[in-house]
Structures are given as structure tokens and as C-alpha cells.
Amino acid sequence: MITTQNLAPFAVIYSIAAAVLLTYLWFSKSKIRTKFVLSLLYLIILTLQQVLTVTYVFSGGDSWVLFTIKKLAAILLIFVPFLIGYFHYLYTLQREFSIKEATSISFEMLREIYLMGADYKTKWQKSKNSLSRDNLNEILKDIPRHSYTKYLSKNTLTEAYFEECAKSLNDEHLYLVISSTGSPASEVISLFTNKAYNHVSLSFDRDLKTIISYNGGENVTLPGLNQEKITSFNKKSDASVIVYKLEVTKEKKQRIIDKVKEINEKGSAYNLVGLVTKVSLRPNIMFCSQFVYKILEFADLEYFQGPATKIKPTDFVEKDYYRKLVFCYEIKFNEAL
């Protein structure tokens, strides 16, 4: 970040930091009033960070030395909202002690305080790993490939693919594939979802020859609806894939295949911005869980309710209250090697 001549890395990191803190805050046990106050504070800090970066740090006309000093200051600004969160954490601890006299402090209370600190440390370490330099560089390098207003991926699914789909019609099931891949995008998404499994795909056959989802295209195809290879999911030592099946009639399965064919012909794009904003500007601009939910909804197969843009990959399992899914098998890549 010291060497960059572009403000985009700063803008992205400021936004990610704010999103991480807001997600952690709203999943915490803080009072609702505290959540609103801190949320407002985080958003104000984010706005000030963005404004200062544009108007002061990258204003232009500075010497190399002054420009470097400004960028150092911009880097320090990344930690401001985290300090606010830490101060709130210290205040909460102090308040816990002030409520009871020292004589009433039990080992259980001390244990709880220790666990809170350990949990905070774990989340901070996870954030550091997910937002590592290599991950951020790869994500930032990939951002220009995406579009949020127009379709990019078109006709990437071949006739051979749809022939495989036709062969699967006698198997009256759809297959949902939940995966933990370890890709840079997946690691960053895990900060928002607090889940290990952050990708979901759809397959028409049990052997996953017809697996598809919305993704970044692996630098082979453009971001959008693409066929996937299970081997490409193996990006970390503990990468794994869990496969479930959902009962479906032959007619509905054909209807879904026709819908996929329609999206393939019209074009699609990966909804990268929607991961944070939860908004889609066009029908075929989606992310993975949004796509799978919309497909199930299209065929009247959705078994839980919710806005498609707010569905997480793990929701398909965790919200299966009526036990519509049946576990098939799990692939653990490190064991297969």
C-alpha cells in the first residue's frame, strides 16, 4: 500500500474493515441502542476515511516524500474503527466489574471474561489472515474483471454440458454442493458470514459432472454463471465439499435446465458488490447462494423463506427445518491425496 499510486486499495480495505466490524457488532450481545450508536460511528469514520483519502492523500502535486507520509497516515486510519471497537470492549469489561463488588467476582465470571478476550483475539487473527497482503492483492487484481451493470459471461455452458444434463433427467434429484475452498474471496466472505463453508453450487447429477454456480471464472472464463470443476475447490489444506440431494420431479428438473440455458444465452455477471450491499441491479447478476435460491424458487422447490440477496451458502442446510435435503457424501481433499 506504500507503493501504490491508486486510492482503490485504501477504499476497499476501509469498506471491508467497516463491514467486518458492523457484522461482528450486530451478531454480538450488545444492547440495540449500543449497536445503533456504534454503527453510526463506524459509518461516519468510513465516510471520513474515504473523503480524506480522496481530497488529501491522493490530491496530487506532492513530492515523493510527502506522498509517502500521507499514505502512511492513510494506513494508520485503517485501525481507527478497530480502536473504537476495542475501547468499547474495555468499557464493557469495566462495567462488568463495577456492577458487582470485587468480593462477588466468581471464577465463572473470570472464565467468561477470559473466553471473551480469547474470542476477540481469534476473530482478530482470522481477520489478519483473511486480509493478508496476498489475498487482498489477488482480490484487487480481480475487481476490474467484474461488472455490476452489464452481463459479461455468455454461452460458457456448451451443448456437451446440456447433453450431460439431459442424461441426468432419470435421476429425480437436484444436488446441492456446499464447499469450503480457501480461495481469497472465500476467506474474506467468511469474515461476513462467520462460517467455514462459503460457496454453494448446483448439480444435476450425483457425480457432479454438471456442477454450476456463479463465480469469478477462475481467470479462465468471465465472472458469472460457469461450470465448475471439483478439483478447483482444493485451495487449502482442509478444503472440503459436502453434497446433499433434493428430491425433484423430472418435469421440474427439465424446467430448471431450461432456465439455466436461458441465463446462459442471455448472459450473466457475478454480483461481487451485492455480497456487501445485498442489491442486484439486473436479474442475471447474482452471487452463488443467490443463484441457487432463485433457481429453487423458480421451480417452487424453496424449502425456507428469505430475500435471495441475504441467503448464505450454509443457510441451505441450517434452515432445512423440514428435512428436505438428504446427505450424500463428503469430499476431503487432503484425505484423498
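Helices are DSSP runs (H or I) of at least four residues, numbered from the N terminus, and it is in this sense that glutamate 262 and lysine 259 are said to stand 3 residues apart in helix α9, separated by about one helical turn. The model is a predicted one, and a search of the whole structure finds 6 salt bridges.

**Salt bridges**

- Glutamate 262 forms a salt bridge with lysine 259, with the closest N and O atoms 3.4 Å apart, and glutamate 262 also forms a salt bridge with lysine 266, where the closest N and O atoms are likewise 3.4 Å apart.
- Glutamate 262 and lysine 266 both belong to helix α9 and lie 4 residues apart, about one turn of the helix.
- Aspartate 315 and lysine 312 meet through their side chains in a salt bridge with an N to O distance of 3.8 Å.
- Aspartate 315 counts as buried because its relative accessibility is 3%, where buried means under 20%, whereas lysine 312 is partly exposed, with a relative accessible area of 23%.

**Nonpolar core**

- The largest nonpolar core has 40 residues, of which Leu202, Phe204, Ile212, Ile256, Val260, Phe291 and Phe316 touch the most other members.
- Two or more residues of this core come from each of α7 (159-167), β1 (173-180), β2 (199-203), β3 (212-215), β5 (240-247), α9 (250-266) and α11 (288-298), and α11 gives the most, with 6 residues.
- Leaving aside residues up to four places away in sequence, isoleucine 256 touches Leu174, Leu202, Phe204, Ile295, Ala299 and Leu301.

**Nonpolar surface patch**

- Leu76, Phe79, Leu83, Tyr86, Phe87 and Leu90 form a nonpolar patch on the surface, and together they have about 580 Å² of accessible area.
- Helix α4 (residues 80-99) supplies the largest share of the nonpolar patch, 4 residues.
- Leucine 83, which is placed in helix α4, is partly exposed, with a relative accessible area of 44%.

**Helix α2**

- Helix α2 (residues 32-57) has 26 residues and reaches 36 Å from its first C-alpha to its last, which is close to the 38 Å expected at 1.5 Å a residue.
- The buried residues of α2 are Lys35, Leu38, Ser39, Tyr42, Ile45, Leu46, Gln49, Thr53 and Val57.

**Loop residues**

- Asparagine 219, in the loop between β3 and β4, has a positive phi of about 60° although it is not a glycine, and asparagine 219 is exposed, with a relative accessible area of 63%.
- Arginine 323, in the loop between α12 (315-318) and β8 (325-332), has a positive phi of about 55° although it is not a glycine, and arginine 323 is exposed, with a relative accessible area of 65%.
- Serine 237 has its place in the loop between β4 (224-227) and β5, where serine 237 is exposed at a relative accessible area of 60%.
- The C-alpha atoms of serine 237 and threonine 181 are separated by 9.3 Å, although these residues are 56 residues apart along the chain.

How values were computed
Residues numbered from 1 in each chain as written. Predicted model: local features only at pLDDT ≥ 70, side-chain atom pairs only at ≥ 80, totals over all residues. Heavy atoms only, no water. Patch = residues over 30% accessible without salt bridge, like charges linked within 9 Å, V, L, I, M, F, W, Y side chains within 5 Å. Areas by Shrake-Rupley, 256 points an atom, 1.4 Å probe, with all protein chains shown as cover. Salt bridge = Lys/Arg side-chain N within 4 Å of Asp/Glu carboxyl O. Buried < 20%, exposed > 50% of the residue type's maximum accessible area, 1.4 Å probe, protein only. Core = buried A, V, L, I, M, F, W, Y, C linked by side-chain atoms within 4.5 Å. Contact = heavy atoms within 4.5 Å. Expected span 1.5 Å × (residues − 1).
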